[in-house]
Amino acid sequence: MLEEDSDQTYENVLAEIQSFELPIEATLRSVYDDQPNAHKKFMEKLDNCIRNHDKEIEKMCNFHHQGFVDAITELLKVRTDAEKLKVQVTDTNRRFQDAGKEVVVQTEDIIRCRIQQRNITTVVEKLQLCLPVLEMYTKLKEQMSAKRYYSALKTMEQLENVYFPRVSQYRFCQLMIENLPKLREDIKEISMSDLKDFLESIRKHSNKIGEAAMKQAQQQKTFSVALQKQNNVKFGRHMYINDRITEERNEIVLKHTFEEEDENEEEVLTVQELVDFSPVYRCLHIYSALGDEETFENYYRKQRKKQARLVLQPQSNMHETVDGYRRYFTQIVGFFVVEDHILHVTQGLVTRAYTDELWNMALSKIIAVLRAHSGYGFPVNRLFDLLFEIRDQYNETLLKKWATVFRDIFEEDNYSPIPITNEEEYKIVISKFPFQDPDLEKQSFPKKFPMSQSVPHIYIQVKEFIYASLKFSESLHRSSTEIDDMLRKSTNLLLTRTLNSCLLNLIRKPHIGLTELVQIIINTTHLEQACKYLEDFITNITNISQETVHTTRLYGLSTFKDARHAAEGEIYTKLNQKIDEFVQLADYDWTMSEPDGRASGYLMDLINFLRSIFQVFTHLPGKVAQTACMSACQHLSTSLMQMLLDSDLKQISMGAIQQFNLDVIQCELFASSEPVPGFQGDTLQLAFIDLRQLLDLFMVWDWSTYLADYGQPASKYLRVNPNTALTLLEKMKDTSKKNNIFAQFRKNDRDKQKLIETVMKQLRSLVNGMSQHT
């Protein structure tokens, strides 16, 4: 049993050795450590194992030997073929190499040509990209050489914005870019040098420019006077045939006048012909293109102000001769002629405010010079007359300006009372317009001022106008009384002509409705009340009391009264037009047999409209509201009467008369409801008295009373005209069967038909009698 275990152990050890697991020291050590003579036994087992493996190897070799031999034999056979194939491949390769040498050379040539072609294409593309840049830069150089500096600046902008970005990677482009700022500075220096030469030139030639301008103005004045005389002569030729000698003499004088003007016309040059303004235009355009327009404007104005002071400075011997005064004034005129030309042909270089400033400075200096030298015996009254004429023209200019201001204010107004929600808003309005109403002050917020937003704006603008007029008047160095008179007259012109005209034009505009007209009347009332505050305002400025005998009063009362009358007239007209629009919606069935039992829809809508409008009229003066209400009722009554008597209406049934009567009853109820307070008794209902008596006559059919009492002051149907009654009766006397009343007459009592004929005959007699009497 022990021996079997030992054999098994050796078998395991051999198995482990054959498994090639390393290291095997532990395995071999276990063999020798277990038993004595273990080594011998193990070696025997090992020898047996080796012999077994050798036998297996020998069997395997014997089994595969024949195949190995066959493989070797096949390889020996293939060896000869392989050597032949090697020779053939070597020969083929040699021949291919020989044949491909020329192809390789040609291929290399093609590659080299392709590279060259690509390089040429690239060069052409780059040159095409660079050529426009070079051409533009060449153009820039040519423009600089030709002194076309503004065009050169535009070319620089094109280069920087369009062309340089395309070729910015090239060195020549960088050089060009670096050179542009220097070119710009050169252009600025050159243009500024030209401007300085221009300023020096016009300073030297201001006298000549002034003389030319004054001659030209004199020619125009002479021509206008001569033309006026010629027109007067032509007019007189038709009116006074006997004055032939005078006419021929006038024609001879006119002929000589025109001949002298033709001879002198060639000698007088305009300012454009005397002065070359191109340096100014060029310099302005250049600085504008460089984005430095403000610098140029400031420089120009500063230099011209200096020149203005030099021009206004009189020479020491000016007062010795009239010619000295003439030269003094001609150079001043020349200076302002140039500035006026610059003002009208450039945008922004010279502004109206700038020229006004120079002109005010010139006037102050001229007046001071004349006052200083007037003691030498030279009269200056004509110059002061000229200044007053200029003042009048200045006021006319102000009036035109403020007309635009007023129109803008009226356009922006919403024509509704000014709403205020707190004390701060209330104080803002009060600070702009002098409004006093204790009842409004007691009301809690929110509340409304009665006037619209245009009223405080108009008031403020009138004060601004007074300030503007004062600015010129103060420069005349007149007394406070004269200045006060000037301001009041100018303000009166503003109120009576400018503001009044704007108000009348506003009132006549088609889009101004009844509500807007009511608000305009309210606005004019408050503006009229504010005129006394404007008078106080002028008094505070001039310190001249209103109690002075010769103090001019403001005509605000007449101005705003005219505007209110025009607005009232428009209210009456538009209200009547609105009534006509509703009446046109009437759609009566004039042949109806029975009435609807209620008033027509169009009439109820019209009455509701009138009620809402007359509620708005409560803010108007009582007389205006009452007149509008009475006018509306009378117009409605007239329109209804015309509807009954319309010649196109051929037939009216009694049912239609009854329906019409229901509508008239609604009109009378409306009149009796006192839509506008202030009417006494049934005054407003009398507007429908003609309709009422006519309808009562036909409803009651009381012809005997009408005919018996006709012409009597106490007649029940005093307002019924026979012609009107006859016209309506003829419309009802249709013999067709559609007329129910006459059908009934024919059935029940033929005597009544005869009565109708008799009534119509008597009515015709009354109408004929009235015609003969007339």
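# A side-chain tour: charges and rings

Select Glu396 to begin: with a relative accessibility of 32%, Glu396 is partly exposed. Keep in mind as you go that this is a predicted model.

**Stop 1: from Glu396 to its partner.** Glu396 and Arg497 form a salt bridge, and their closest N and O atoms are 2.8 Å apart. This pair links distant parts of the chain, with Glu396 in helix 13 (residues 381–412) and Arg497 in helix 17 (residues 480–507), 101 residues apart. Arg497 is partly exposed too, at 38% relative accessible area.

**Stop 2: along helix 17.** Stay in helix 17 and pick Lys489 and Asp485, which sit four residues apart there, about one turn of the helix. Their side chains meet in a salt bridge at 3.0 Å, N to O. Lys489 is partly exposed with a relative accessible area of 48%, and Asp485 is partly exposed with 21%.

**Stop 3: helix 5 to helix 9.** Now select Asp194 and Arg282, whose side chains form a salt bridge at 3.7 Å, N to O. Asp194 belongs to helix 5 (residues 171–204) and Arg282 to helix 9 (residues 278–289), so this pair ties together parts that are 88 residues apart in sequence. Both ends are partly exposed: Asp194 has a relative accessible area of 23%, and Arg282 has 28%.

**Stop 4: a charged network.** Select Asp91, Arg94, Arg95 and Asp98 together, and you have a network of salt bridges. Across the whole structure, a search finds 21 salt bridges.

**Stop 5: rings.** Time to switch to aromatics, where the count comes to 26 pairs. One of them is Tyr170 with Phe172, a stacked pair at 6.0 Å centre to centre with 15° between the planes. Tyr170 is partly exposed at 23% relative accessibility, and Phe172 is partly exposed at 26%.

Next, select Phe198 and Phe277: their ring centres are 5.8 Å apart and their planes lie at 55°, so the pair is tilted. Phe198 is in helix 5 and Phe277 is in the loop between helix 8 (271–274) and helix 9, which puts this link between distant parts of the chain, 79 residues apart. Are these two buried or exposed? Phe198 and Phe277 are both buried.

**Stop 6: charges over rings.** Finish with two lysines. Lys447 lies over the face of Tyr426, 4.8 Å from the ring centre. Lys578 lies over the face of Phe609, at 5.9 Å from the ring centre.

Conventions: Residues are numbered from 1 along each chain as its sequence is written. This is a predicted model: local features need pLDDT of at least 70, side-chain atom pairs count only at pLDDT 80 or more; totals for chains, interfaces and linings use all residues. Side-chain values use heavy atoms; hydrogens and water are left out. A salt bridge is a side-chain nitrogen of Lys or Arg within 4 Å of a carboxyl oxygen of Asp or Glu. Helices (H or I, at least four residues) and strands (E, at least two) are DSSP runs, numbered from the N terminus. Buried means under 20% relative accessible area, exposed over 50%, partly exposed in between (1.4 Å probe, protein chains only). Rings of Phe, Tyr and Trp (its six-membered ring) pair if their centres lie within 6.5 Å; planes under 30 degrees apart count as stacked, over 60 as edge-to-face and the rest as tilted. A charge sits over a ring if NZ of Lys or CZ of Arg is within 6 Å of the ring centre and within 35 degrees of the ring normal.
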